[in-house]
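Dear colleague,

Here is the structure I said I would pass on. My notes on it follow below.

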2 protein chains.
Amino acid sequence: MDVYITQPILLVAIVLVLGVVITRFSSKLGFPSLVLFIIIGILLNQVIYYDDVETTQLIGMIALIIILFEGGLQTNITAIKKVAVPAVLLATIGVLLTSLILGVFAYFILDLNLMTSMLLGAIVGSTDAAAVFAVFGSKNIKEKLSSTIEAESGTNDPMAVFLTVTIISIIEMPGETNVFLLILSFFWQMGIAVLVGIIIGRLAVYVINRIDLEASGLYPVLSLGFAMLSFGVAEVIGASGLLAVYIMALLMGNRPLTYKHSILRFNEGLAWMMQIIMFIMLGLLAFPDELFNYTIQGILMALILIFIARPIGVFLTLIASKYDFKEKVFISWAGLRGSVPIVLATYPLVSGIENGYLIFNVVFFIVIFSALLQGSTITPVARWLGFDEGETDTPAYSVELLALGQTQNDIYGIELPVQSAHENAKIKDLDLPPDILVIAIIRDEELITPNGETVMHSEDFIYVMMPRKLRERTEAYFSKVKEKENKGGKSKRTEPHADEEKT
Amino acid sequence: MDVYITQPILLVAIVLVLGVVITRFSSKLGFPSLVLFIIIGILLNQVIYYDDVETTQLIGMIALIIILFEGGLQTNITAIKKVAVPAVLLATIGVLLTSLILGVFAYFILDLNLMTSMLLGAIVGSTDAAAVFAVFGSKNIKEKLSSTIEAESGTNDPMAVFLTVTIISIIEMPGETNVFLLILSFFWQMGIAVLVGIIIGRLAVYVINRIDLEASGLYPVLSLGFAMLSFGVAEVIGASGLLAVYIMALLMGNRPLTYKHSILRFNEGLAWMMQIIMFIMLGLLAFPDELFNYTIQGILMALILIFIARPIGVFLTLIASKYDFKEKVFISWAGLRGSVPIVLATYPLVSGIENGYLIFNVVFFIVIFSALLQGSTITPVARWLGFDEGETDTPAYSVELLALGQTQNDIYGIELPVQSAHENAKIKDLDLPPDILVIAIIRDEELITPNGETVMHSEDFIYVMMPRKLRERTEAYFSKVKEKENKGGKSKRTEPHADEEKT
């Protein structure tokens, strides 16, 4: 077959295999895999010449849509609701403050005019929760904090996009700025995006649950189509596409959905694939010789962002919220920068803004430096501040979930506590309603198929099939500890497996 | 956001949603959905000008890789082995004969020289099993026949590619043809491809089962990377990439594999997505005005292929095989043409062969006509010939499988016969080994969570978790019918759900 077919396919193959294999090393070294993906891209730069900024931007935006869609699908809306106010404050005022502060520093330190400095600040305005949670891996972090970080980063990309696009349009058409119109535009972009997200999210749930397709493989494609539709429709009417995607994903992920697990598995895989491809393409765009010309400026700006701009932004924004000093320190430190800043850094290049390449290269340094410094220290910092709640015992078996579609049943994973009240109890003697079934027990890394005579032990990890509405009661039941030794016992409740797998 | 980002994303969104929704209509109308995908493409042609043949060819080839990979993963190798000899004969000699016969007719009917006529024959040489099975939907076809059709179509694409590429190179460099070298090249292409498929397939299984990645979403990406690697490596050393992909997929699909079901769900979705995108892009390439200039030639060639070339090819190839007349008629009729011919039809365009557009348009007609005529009649033909074995009772619930990774356990769906020997038996009284667990019963479209006291009924559809090695014995056990009414009973064994979902 001809070279122009074989070569790109072989290249993608190598990129995918290498990209996946390399995540093993980054998780061992304890920093987000994006650093290694970018390094692959920069190395490939030596053999492949690539400078198509527009294609990279398009692929980057599609990747962001899929990543946000997947993140929203897997987010537990009940946990998010509790921290909605501080998270939204962080995602708006917090981003604005951080960007502003970094912009002012950039103006005095880098050789840029005021608006270009502000543009740099805006581009690195949003955080990346996926990078944070990938580093935590199997560790449990206080739920209030993890929810805040997750909700903030799910919703702060639109603000960074808004600021970036607005500042670019001000630079391109100076003198035509009307602050009142800008503020109006902001509320339009965000408000309409929420509306579009809700409408298309509901439409998607309705259609997916009723269409009765000939093959299960069609449902994930349909869900992705609706996600991209949310983006497209929102953007066409001038609203924030990314916010619309996140809102529709939250809505879809928290309702009963036919073939939900096929949809999740498909989008998880796709999100990883797009991440690998996107970071490698972005790495390809950065020419090493140029990049290293900006080493000092890049590291300096990264340090200012991490130690000055982000903490001030977080502390000022949360001044009236119920977070103590330590919690604010942790939220500040967990503000890793990820894919969004690098994708946004292509905007000045495409628009031909003066000093666009300076911005692109400095942003590159900020993202990589932040991933390395904060990524590799976030776990010790969590432990040091006392927010580390121990390991999650993910069973060694790769048990994949059984989803029961439109039925009211689902399967949940529950871990029995150290001093379980059910130690040595036979399953048939447990006081369970008739429609609850223990379908598997993981004990000492072995899978046991239980029957009525099977005896339970402390620290067993069990999979239980049951009606969704009985979940809390059943979890409480299996988490009971022996009464007399109550204080020594540890009652840990484990989320269903689907949530654990999130990264 | 800028138009050059929003527009392509909105277009892809509309294409995906429309493409999926439209499959509802094609399955109701009873012909392969590819026809409607192509029609969407031709209609989009009115608003979008698109003539990038090379990109279409690349996307088409990637789509073929993913479709073959997915097909191979889901193919049961034990069923295939029984029909290996006739299937391989059909995939090689059968394709050669059919192509040759159609080529001769093309030479006399169309205004083409001999080699270009042969090229047309080669391009439409391979069949598409996916199109056949999509039409069957929930109907059961005699296993010997369905396995033959499946194995033939999984392995005959490489032959069509070989013939097409060879004839194009003969046209481009006339006079340099050495028949001996051609035959040698054929055996090299096929033999080395099988070797590459086996080596990379084993490597993939080994790596996937041992790598222990941080997120389950990475496994599907890794599997896809290996599939594309098989293609790329095989092509680089001059072997058939598509054959290598199919062989490695067969190997991977029939071994215990970590996160197998995540891998299957991801590739199923991706295969559908690529099919929709590919056919729509191919439809975009066909300009309606031009297309309809070839209506008569196209339909004539389609009729010759369906009623003369394919039957002669099948009957001659299977002359010494154990298929009776009716079976050969059915195999002839099930030779639907699908994606491969249309992708191959772009080859003469890219190479700039004389009359390339004539070939492209005639192939278009052949594929659409074959899909419409054979697709819509294959079910009545099967019934008429007596190969229709009734409906498969797919449960109304969208039960998705639980996969138990590297453990020896898996979940299988079994349907109890009409006059079950276990009618009214309590589960606890069944004579089952201790490591077998009935985890769900679907009865009258309702899902029941069983316990020891639950009573079994005839025609229950049950999900059983058990060690893989006990599968056949357990299926036989649950398929028992009441002894005295043995003749009236119907003992139907149902494949596990994963196989049923295949399309």
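**Salt bridges and their surroundings**

Glu327(A) counts as buried, at 3% relative accessibility. This is a predicted model, and the notes below should be read as such.

The side chain of Glu327(A) meets that of Lys142(A) in a salt bridge, with 2.9 Å from N to O. Lys142(A) sits in the loop between strand E1 (139-141) and helix H8 (143-155) of chain A, and Glu327(A) in helix H16 (residues 325-333) of chain A, so the pair ties together parts that are 185 residues apart in sequence. Lys142(A) is partly exposed, with a relative accessible area of 28%.

Over all chains the structure holds 12 salt bridges. One of them is formed by Arg310(B) and Glu152(B), whose closest N and O atoms are 2.8 Å apart. This pair links helix H15 (residues 295-317) of chain B to helix H8 (residues 143-155) of chain B, across 158 residues. Arg310(B) is buried at 5% relative accessible area, and Glu152(B) is buried at 1%.

Lys428(B) and Glu453(B) also meet through their side chains in a salt bridge (2.8 Å, N to O). Lys428(B) is in the loop between E3 and E4 of chain B, and Glu453(B) in the loop between strand E5 (446-448) and strand E6 (461-467) of chain B. Glu453(B) is partly exposed, at 42%.

Leu430(B) is found in the loop between strand E3 (409-415) and strand E4 (437-443) of chain B. Leu430(B) is buried, with 9% relative accessibility. Beyond four places in sequence, its contacts are His422(B), Ala425(B), Met456(B), Tyr477(B) and Phe478(B).

Asp157(A), in helix H9 (residues 157-172) of chain A, is buried but has no salt bridge; Arg337(A), the nearest side chain of opposite charge, is 8.7 Å away. The side chain of Asp157(A) does make a polar contact of 3.1 Å with that of Ser126(A).

**Chains and confidence**

Chain A can be laid on chain B with an RMSD of 0.2 Å, by a turn of 180° and a shift of 0.0 Å along the axis. The two copies are therefore related as by a two-fold rotation axis. The same surface serves both, as 99% of the contact residues of chain A recur in chain B.

Chain A has a mean pLDDT of 84, and 89% of its residues reach 70 or more. The pLDDT stays under 50 over residues 393-406 of chain A, and is below 50 over residues 485-503 of chain A. Where pLDDT is low, the predicted coordinates should not be read in detail.

Regards

Conventions: Residues numbered from 1 in each chain as written. Chains lettered and ligands numbered in written order. Predicted model: local features only at pLDDT ≥ 70, side-chain atom pairs only at ≥ 80, totals over all residues. Heavy atoms only, no water. Helix = DSSP H or I, 4+ residues; strand = E, 2+ residues; numbered from the N terminus. Buried < 20%, exposed > 50% of the residue type's maximum accessible area, 1.4 Å probe, protein only. Contact = heavy atoms within 4.5 Å. pLDDT = per-residue confidence, 0-100. Least-squares fit on C-alpha atoms with pLDDT ≥ 70 in both. Lys, Arg positive; Asp, Glu negative; His and termini not counted. Salt bridge = Lys/Arg side-chain N within 4 Å of Asp/Glu carboxyl O. Polar contact = N/O pair within 3.5 Å; in protein donor to acceptor, adjacent residues only side chain to side chain.
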